[in-house]
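Reader: I would like to go through a fold element by element. Please show me the model.

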Amino acid sequence: MEAIHEVHVSEPGLVVVDIAAADDQTAFAFHTALASMWATTAVERTTRNPGQPGVRLRCYLDMRQSP
């Protein structure tokens, strides 16, 4: 995954979420659950690390907005 830049966590309430899941469906379901409570960035695809099980997904979350 790419480095986390200061702007991603520059204020209280901004969060970087790295999701590790067994498969794409599970990762996207978890992202959907987060998005139902807080503003999140859109995600289009997961990544796979060679030799590592499962998939990874990163999104950025803004907890400053009320659910």
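Reader: Read along the sequence, what pattern does the chain follow?

Author: The pattern is β-α-β-β, from 1 helix and 3 strands. Helices (H or I, at least four residues) and strands (E, at least two) are DSSP runs, numbered from the N terminus. This is a predicted model, in which local features need pLDDT of at least 70, side-chain atom pairs count only at pLDDT 80 or more, and totals for chains, interfaces and linings use all residues. Residues are numbered from 1 along each chain as its sequence is written, and side-chain values use heavy atoms, with hydrogens and water left out.

Reader: Which order do the strands take in the sheet?

Author: Strands of a sheet pair through backbone hydrogen bonds, either parallel or antiparallel. Two strands pair if DSSP finds at least two bridges between them. Here the open sheet of 3 strands has the order E1-E3-E2, with antiparallel pairing. Strand E1 (14–21) and strand E2 (39–40) each have a single partner strand, so one side of each lacks a neighbour in the sheet. E1 pairs with strand E3 (residues 55–62) over 8 bridges; Ile19 stands opposite Leu57 in E3.

Reader: Where does helix H1 pack?

Author: Contact means heavy atoms within 4.5 Å. Helix H1 (residues 24–35) packs on the sheet and touches E1, E2 and E3. Its direction makes about 5° with that of E3; axes are lines fitted to C-alpha atoms, for helices over the stretch in contact, and angles run from 0 to 180 degrees between N-to-C directions.

Reader: What share of the 67 residues counts as buried?

Author: Buried means under 20% relative accessible area (1.4 Å probe, protein chains only). In this chain the share is 24%.

Key
Buried < 20%, exposed > 50% of the residue type's maximum accessible area, 1.4 Å probe, protein only.
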